Amino acid sequence: QVQLVESGGGLVQAGGSLRLSCAASGHTFSSYAMGWFRQAPGKEREFVSAITRSGRRIIYRDSVKGRFSISRDNAKNTVYLQMNSLIPEDTAVYYCAARYAPNEGDSISLGTIYDYWGQGTQVTVSS
């Protein structure tokens, strides 16, 4: 069992930055691919970014490329999402998710492959 706890959300003006953190319990963090997803009011949950166990492969949704950066520190059992140049459309609850030892063919951008989810952290970007 893995518990994920997000932090770092808040209210920021457009153009500002936030850094989200997701701390994971357990001793096998390096065995998990990690993802960030978000859900805005009245909308479906959507993929934001993901990072493989080693950190060698990283993917982003198109709308955040060049603005967001995902990273992980396996020694601290933590994955981060640095969000720069925020826009009002980034307003959502942000969730981190963990997938244990994904198979070679698994798409880490799909929410359905993830085993564990955090409770979410609210990000609000004002115009």
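**Notebook: Arg67 and its surroundings**

I began with the neighbours of Arg67, leaving aside residues up to four places away in sequence, and found that Arg67 touches Gln82, Met83, Asn84, Ser85, Leu86, Ile87 and Asp90. I note that the model is predicted.

Next I looked up where Arg67 lies. Arg67 is in the loop that joins strand S6 (58–60) to strand S7 (68–73).

Is Arg67 buried or exposed? I read a relative accessibility of 14% for Arg67, so Arg67 counts as buried, since buried means under 20%.

I then checked what the side chain of Arg67 reaches. I found the backbone oxygen of Ser85 at 2.9 Å from this side chain. I also found a polar contact, at 2.7 Å, between the side chains of Arg67 and Asp90. Ser85 and Asp90 are both among the residues that Arg67 touches.

After that I turned to the whole protein. I counted 11 strands and 0 helices. Of the contacts with a separation of 6 or more, 59% join residues 24 or more positions apart.

How many of the residues count as buried? I noted 43% of the 127 residues.

The C-alpha trace spans about 40 × 25 × 25 Å along its principal axes. The radius of gyration is 14 Å, which agrees with the value near 14 Å for a compact globule with 127 residues.

Last, I looked at surface and charge. The protein exposes about 6500 Å², and 46% of this comes from carbon and sulfur atoms. I noted 13 positive and 10 negative charges, with their mean positions 5 Å apart.

Notes
Residues are numbered from 1 along each chain as its sequence is written. This is a predicted model: local features need pLDDT of at least 70, side-chain atom pairs count only at pLDDT 80 or more; totals for chains, interfaces and linings use all residues. Side-chain values use heavy atoms; hydrogens and water are left out. Helices (H or I, at least four residues) and strands (E, at least two) are DSSP runs, numbered from the N terminus. Buried means under 20% relative accessible area, exposed over 50%, partly exposed in between (1.4 Å probe, protein chains only). A polar contact is a pair of N or O atoms within 3.5 Å; within protein, one must be able to donate a hydrogen and the other to accept it, and residues adjacent in sequence count only if both atoms are side-chain atoms. Contact means heavy atoms within 4.5 Å. The radius of gyration is taken over C-alpha atoms; the globule rule is 2.2 Å times the number of residues to the power 0.38. Accessible areas come from the Shrake-Rupley method with a 1.4 Å probe; for residues, only the protein chains shown count as cover. Lys and Arg count as positive and Asp and Glu as negative; His and the chain ends are not counted. The place of a charge is taken as NZ of Lys, CZ of Arg, CG of Asp or CD of Glu.
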